[in-house]
Amino acid sequence: LDFPEEEDWILYGPYSDKSLIRNKLIYELSNQMGMYASRTQFIELSINSDYKGLYVFMEKLKRDKNRINISKLKETDLDENSISGGYIIKIDKSDMEDGSYTDYNSFKSNYDVFGNKNGDKLIFFNYEYPKPSDIHSDQKNYIQNYFHEFEDALSSNNFVDPNAGYRKYINEESFIDFFILNELANNVDGYRLSTYLYKDRDEKMNIGPIWDFNLSFGNADYCGGERYDVWCYKFNERCLGDFWNVPFWWDRLLEDESFVTKLKTRWNDLRTNILSNENIISMVNEKYSLLKNETNVADNNFNKWKIFGIYIWPNSFIGNNYFEEIEFLKNWIINRTAWLDESINSL
């Protein structure tokens, strides 16, 4: 498939995403923007001659020179310089079999989802790289302290200070692009699940790559996931009863006039090319044409999985055929970008 050599791969079956393309579309947009996302390829899967339908072959997110390109961190890297990276931290459900968060696999924010010190609803951060079994206790302390100092700076009165404020700790541009991609898709899991952050040696922290957008672009019937006219980052206001919530970071960042100005500039620039309706809809049409007209892949898949006209959790729209599913997606995108044009420029 002409992908860079590696040993860890994912076969993703877009079962509840009847457009079949949501993850592939947003990953390709991310890559076009210069923000790495998993390389993907449509494939048809058969196991022992048993046809399984369309899958997406994709890169597993991990530390690698062609994926999340950060320094290798050995358990013996404990001096002041080498202990600074690289790390991958994930805001997500626990990887433990019992779903628990413990000191072994995670650490907690000192701030609740409203930005209050030691409140009730705290965010958990999972050790992704090095794995919990490989990370030294000193390295745990280092990355915990880094996060705590970042959040302290972000919540402080001088949080916009270029030297003492939050910019000391994060790559602002990565947060802007991450925000744009999650808002473009109104990813109902955005910011609170499948959210990766990485810190390289002697570098600031970045957010990304994006991951797991099957419940985006209107394909979720809960907590506003179906709507094109709401802020994704305001999930907590619509659905605070959920266990997994959005960190206070985004509300706070949008209180910074400089951050907002850069966000507006980046959004408006992208709307002239990569995130123009013309480009996004063209990408959707190309994928539809490939799967429906140039090949029989879509027909083969939906002959195997007869799910048109049937609710598959958490569908907000139930099309009767593939064309209707794609038309819903395109119309939703056009409505969403129009709403974001007005809403981002009104921040």
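Me: Hi! Which residue does lysine 74 meet in a salt bridge?
Reply: Hi! The side chain of lysine 74 meets that of aspartate 77, at 3.8 Å from N to O. Keep in mind that this is a predicted model.

Me: Thanks! Is aspartate 77 buried or partly exposed?
Reply: Aspartate 77 counts as buried because its relative accessibility is 10%, and buried means under 20%. Lysine 74, on the other hand, is partly exposed, with a relative accessible area of 45%.

Me: And what does arginine 201 do with aspartate 77?
Reply: Their side chains meet in a salt bridge too, with 3.4 Å from N to O. That pair links distant parts of the chain, 124 residues apart. Arginine 201 sits in the loop between strands S7 (195-199) and S8 (205-207), while aspartate 77 sits in the loop between S3 and strand S4 (87-91).

Me: How exposed is arginine 201?
Reply: Arginine 201 counts as partly exposed, at 22% relative accessibility.

Me: How many salt bridges does the count come to?
Reply: The count comes to 30. Some link up in a network, which joins Lys90, Asp92, Asp95, Glu128 and Lys131.

Me: Where are aspartate 50 and lysine 304 in the chain?
Reply: Aspartate 50 belongs to strand S3 and lysine 304 to helix H8, so this is a link between distant parts of the chain, 254 residues apart. Both are partly exposed: aspartate 50 has a relative accessible area of 33%, and lysine 304 has 31%.

Me: OK, on to H8. Which of its residues are buried?
Reply: Val297, Ala298, Asn301 and Phe302 are buried in H8. Looking down the helix axis, these buried residues fall within an arc of 120°, so they line one face of the helix.

Me: What covers them?
Reply: The cover includes strands S2 and S3, helix H7 (277-294) and helix H9.

Me: How do S2 and S3 run?
Reply: They run antiparallel, with eight bridges joining S2 (residues 40-47) to S3 (residues 50-59). Isoleucine 43 stands opposite tyrosine 55 in S3. The two strands form a hairpin with two residues between them, and asparagine 48 in the turn has a positive phi of about 50°.

Me: Last one! Which residues make the nonpolar surface patch?
Reply: Tyr311, Trp313 and Ile318 make that patch, which is about 320 Å². Tyrosine 311 lies in the loop between H8 (297-304) and H9 (322-345), and is partly exposed, with a relative accessible area of 39%.

Note on methods: Residues numbered from 1 in each chain as written. Predicted model: local features only at pLDDT ≥ 70, side-chain atom pairs only at ≥ 80, totals over all residues. Heavy atoms only, no water. Pairing = 2+ DSSP bridges. Helix = DSSP H or I, 4+ residues; strand = E, 2+ residues; numbered from the N terminus. Patch = residues over 30% accessible without salt bridge, like charges linked within 9 Å, V, L, I, M, F, W, Y side chains within 5 Å. Areas by Shrake-Rupley, 256 points an atom, 1.4 Å probe, with all protein chains shown as cover. Salt bridge = Lys/Arg side-chain N within 4 Å of Asp/Glu carboxyl O. Buried < 20%, exposed > 50% of the residue type's maximum accessible area, 1.4 Å probe, protein only. Arc of directions from axis to C-beta. Contact = heavy atoms within 4.5 Å.
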